[in-house]
Amino acid sequence: MKYFKETLYDSVCQEYRVDKLYFEHKTEHQHLVIFHNAMLGRVMTLDGIVQTTEVDEFIYHEMLTHLPIFAHGDVKKVLIIGGGDGAMLREVLKHSDVEVTQVEIDQAVIDMSKEFLPNHSQGAFDNPRATIIIRDGLEFVRDCEDTFDVIISDGTDPIGPGEALFSEEYYSHCRNRLNKGGILVTQNGVPFFQITEVTNTYQRLGLCFKDATFYSASVPTYFGGIMTFAWGTNDSNVRRTSLETLRTRYKESGLNTRYYNPEIHQAAFVLPQYVLDALSKTEHG
Ligand code: SAM
């Protein structure tokens, strides 16, 4: 394979030179490829779509972990759905007193990420505070009796196995798995090219949570501008945590971050007009 062509959109595709191919195989659930590119480092793709690269993964993973955890302020238990590359687990475990349960559908993604994408997990899968379960995320939240302070949904696009993680059924089960004041955050696509993914989630999340909205960040290898992260909670105050409080929590945590800071945390909830216009035309709650 000389070049990898991403197949997310019919008429536009990004091409990546494959400088070294580490792994390519059809797993039980998906077509998994891991390769090295001179500019992006190691890259993982699933079913023809770029999932993560070494050069910019920190943006995505810091915004889906530290933002809800610092907003909440007293997180003890986190559930990660998906996240087979291990970087989400790595970031959550930086919060020293947090226990994590991760539910990933595809064992091969974890195994090959450990072997060919080690900088993502950095040993997080072997951390005694982590419990790893191989199962479909929807089934898990439906059948599970445990509860969590934060749920992070780090699935693939709403195609194939990832589709279930964008359903109202999934969001309502997640709500039932949250402790009082708990927060659900999910990856939710690039609004400029995937606005329906945003409006669908807004409509469905609004049926499950009092406070349902989005925040955003630009992840360079997710083509098309800002990426949205969905936010759902029944505690309407937690999104309004003051800058002063966020600064104190961030300082006390001792975390060194490369993208996240308390100021960008607050700014991230400010959405562009075209997104607000699309949401204002969408039934909600
Ligand atoms: N950052 C990526 C994105 O935004 O598209 C997501 C990366 S992460 C590797 C996606 C993970 O979700 C994969 O490991 C995949 O196997 C997992 N996954 C997909 N559908 C799932 C499901 N229904 N339940 C649990 N994990 C799932």
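Mentor: In this predicted model, 26 residues surround the ligand, and the closest are Glu104, Asp136, Gly137, Pro161 and Tyr222. A residue is near a molecule if one of its heavy atoms lies within 4 Å of it. Some conventions come before the details. Residues are numbered from 1 along each chain as its sequence is written, and side-chain values use heavy atoms, with hydrogens and water left out. Because the model is predicted, local features need pLDDT of at least 70 and side-chain atom pairs count only at pLDDT 80 or more, while totals for chains, interfaces and linings use all residues.

By class, the shell around the ligand holds ten nonpolar, ten polar and six charged residues. Here Ala, Val, Leu, Ile, Met, Phe, Trp, Tyr, Cys and Pro count as nonpolar, Asp, Glu, Lys and Arg as charged, and the others, Gly among them, as polar. Strand 5 (41–46) and strand 8 (99–104) each give at least two residues to this shell. Strands are DSSP runs of E with at least two residues, helices are runs of H or I with at least four, and both are numbered from the N terminus.

Next come the polar contacts, pairs of N or O atoms within 3.5 Å. In the side chain of tyrosine 222, an N or O atom is 2.8 Å from a nitrogen atom of the ligand. Glutamine 30 places a polar side-chain atom 3.0 Å from an oxygen atom of the ligand. With glutamine 51, a polar backbone atom is 3.2 Å from a nitrogen atom of the ligand. On its own the ligand has 590 Å² of accessible area, and the protein covers 99% of this. Accessible areas come from the Shrake-Rupley method with a 1.4 Å probe.

The space taken by the ligand is the largest cavity. A cavity is a set of points, on a 1 Å grid over the protein atoms alone, where a 1.4 Å probe fits but cannot get out. A molecule sits in a cavity if more than half of its atoms lie within 2 Å of its grid points.

Aspartate 47 lies in the loop between strand 5 and strand 6 (49–53). Aspartate 47 has a positive phi of about 50° although it is not a glycine. With a relative accessible area of 39%, aspartate 47 is partly exposed, a class between buried (under 20%) and exposed (over 50%), taken with a 1.4 Å probe and protein chains only.

Conventions
Polar contact = N/O pair within 3.5 Å; in protein donor to acceptor, adjacent residues only side chain to side chain. 1 Å grid on protein atoms, 1.4 Å probe; cavity = no way out; pocket = protein on both sides within 12 Å on 5 of 7 lines; lining within 4 Å.
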